[in-house]
Amino acid sequence: MTALASLPLLVRVLRSPDVAGELSLDQWDLLLRQAGAANLLVSLLFLLDDAGLIDTVPDAPRVHLEWARLAAANHARGVRYEVARIRAALSKLDVPLILLKGGAYAMAELDAGRGRLFSDIDILVPKPRLGEVEAALMLHGWASTHHDPYDQRYYRQWMHEIPPMVHVRRGNAIDVHHAILPETAASRPDPEKLRAAAVAIPGQDGLWMLSPHDMFLHSTVHLFSGGEFEHGLRDLLDLHRLMRRFDAEPALWAGLAPRAVELELERPLYYALRYTSRLLGSRIPPATLAAAERGRPPAPLLALMDALFMRALLPPHPSCSGRLQGAALFALYIRGNWLRMPPLLLARHLFHKALLSPRAAERA
Amino acid sequence: MLTVSSLTPTQLRARLRGPGLDFQTGPFINRLHSNIPHLADGLAVLYGEYPLHESGGFANFHLDLSQPGGLRRWWRPQVRFDQDGQHPFKPLPVAQAQPFCEWMMNWCVSNRAHGYLIVHAAVIEKNGRAIILPAPPGSGKSTLCAALVCRGWRLLSDELALVRHADGMLVPLPRPVSLKNRSIDVIRAFSPDAVFGAIVHGTMKGTVGLMRAPADSIRRAAQVATSHAIVFPQWEADAPAMLEPLSRGQMFMRVADNSFNYTLIGAQGFETLAALAQRSAGYTFRYSKLEQAMEVFDALVGNPP
């Protein structure tokens, strides 16, 4: 499908780590810079570890990779600590604490979490309990970040999360979600269904995560319905790795597309399967691909999305950006907002952000 | 080994504008790009003795300090730091390119090189005994460091002490000594032979002058050193030069406070710092006159072994 040689070096190594066995020093230089830009330096290190190639890495890049190993251990420690603080803050509420994305991958020790660097902890709670959760977090030192009344309303009335909260002493952020897509989006996966299917994280008392299907689908929504692609390749690699969990049981593969239908997420599922296999060479059973076809967009739209995603999902490094990279990212940014809100509301929102918010900031 | 001084000014500028200037500082290879002529001239003065590498191999740090095109070329021209397409810092007036370059080289090290415990400190050595001078800005650390180096001490670093995890040895990173405001004239008076790059006024740290590192210190950049003492300097008007012992525990905590990555590297940081503290005596040091300070430091390392 895609000419291998035209893919960036980092993508080729992620597809088949053996490529790293034959690199010259200047290629190592480029590989590490692309990985750094994509926030995948540690993932690359662990990939080389797992492939048994780490000892074949020449000294200079090896030293550089080992520096990253020390920073990654710190990140993993930080995540465990932060999650423990959040659990303690919410312990009296009798609300099941469901971790989303990176926090869940890390605490459940999934492959997708190994060496994955991220900044916020995301949690999912029932909408009627948001007030209590927010109050409990405030009592334990987290404070809301967006003080502009418009921003507060934007989040609380229209979004699927309350304004991000930051701990006043540690500076770490938590995003409290009650759904995985905005209230104003066209498709609205029912959070009740997600919570009902959630599973306990083994060995972690009181911590929950989404079911394997829902975790995968949430990751597809996050990547393909959002407007920011700074971590596009990292998130695509998450999908690639989360899929490997379905290999354990054929029933998991068989249930993926039906679950996407149930949650109104056929379109992002289609994109996820298409671009993981195109860029990362993910192995997907033909029956799953066939079942996901119902999410396929009409041909002209698909051609456009191919042009956009195949650019936006590359490492954000100058060596990977062609002439149209900027245009593709801008188009996807607009699309991300378009998917969030109906047109009139979006127009009103953009008008406010462009003209009224800067004035309010000046007055403050 | 070839050094940066083997390039003619034209060749140096061509490298900076083209494939990049690959030069080595301590254990690191930097690849620097720039289109700013006065930065090239400053590098020729300050970095002439550093090992030069062929373009296009592996480099630890990639820095681009260039003047963006467009309107900014003429209206309040700026220098922008670009690292692989990212701009983590705001641009500065183009006149500040040289100090900006130094700050960014420091930032690259302290942000990435976690194979070392990195302490915000100067390190100098004499008779095989190294002394670490950790200190916040304003304590007179760089002035003291510059004075000692002008009197024949080996410079390991003015800004970043690198402590190797495996054995707690100090790895040299000799680079220009950054002097600020009145310290520049103090050192010029103290040692008229000291070579400075252009003096830059109006930076966020005031006036900055970069003093070239001694050629001998640069040549010996691969020779690690053993820490003998950790001294926390504090310049104080009219104070007689005086060392006061510091308990090992206090010394440990104060070094940790001055470290960039002590908490980041976790248990490894504790072990490395413990190994360092074990073999170092700790002192606080108040001084007002550099000549007196020289005597105290010479006495601290004793005679050649």
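Student: Is the crossing of helix 2 of chain B and helix 3 of chain B left-handed or right-handed?

Tutor: Happy to start there, bearing in mind that this is a predicted model. The two elements are helix 2 (residues 37-46) and helix 3 (residues 97-112) of chain B, and they pack against each other. Their crossing is right-handed.

Student: At what angle do helix 2 and helix 3 of chain B pack?

Tutor: Two packed helices are described by an axis-to-axis angle and an axis-to-axis distance. For helix 2 and helix 3 of chain B, the axes are 9 Å apart. Angles of 65 to 115 degrees count as roughly perpendicular, and this pair is therefore roughly perpendicular. The angle itself is about 65°.

Student: What radius of gyration does chain B have, next to that of a compact globule?

Tutor: Good thing to check! Chain B holds nine helices and 17 strands, and its C-alpha trace spans about 55 × 45 × 35 Å along the principal axes. With 305 residues, a compact globule would come out near 19 Å, and chain B agrees with this because its radius of gyration is 19 Å.

Student: What percentage of the residues in chain B is buried?

Tutor: A residue is buried if 20 or more other C-beta atoms lie within 10 Å of its own. As for contacts in chain B between residues at least 6 apart in sequence, 73% join residues at least 24 apart. Of the 305 residues in chain B, the buried share is 47%.

Student: Which helix of chain A gives the largest share of the side that touches chain B?

Tutor: In this interface, 21 residues of chain A are in contact with 16 residues of chain B. Helix 2 (25-37) and helix 4 (59-89) of chain A each supply at least two residues of that side of chain A, which divides into twelve nonpolar, four polar and five charged residues. The largest share, eleven residues, comes from helix 4 of chain A.

Technical notes:
Residues numbered from 1 in each chain as written. Chains lettered and ligands numbered in written order. Predicted model: local features only at pLDDT ≥ 70, side-chain atom pairs only at ≥ 80, totals over all residues. Axes fitted to C-alpha atoms, helices over the stretch in contact; angles between N-to-C directions. Helix = DSSP H or I, 4+ residues; strand = E, 2+ residues; numbered from the N terminus. Parallel < 35°, antiparallel > 145°, perpendicular 65-115°, else oblique. Left-handed = near helix turned anticlockwise from the far one by under 90°. Rg over C-alpha atoms; globule rule 2.2 N^0.38 Å. Buried ≥ 20, exposed ≤ 12 C-beta atoms within 10 Å, placed from the backbone. Contact = placed C-beta atoms within 7 Å. Nonpolar A, V, L, I, M, F, W, Y, C, P; charged D, E, K, R; others polar.
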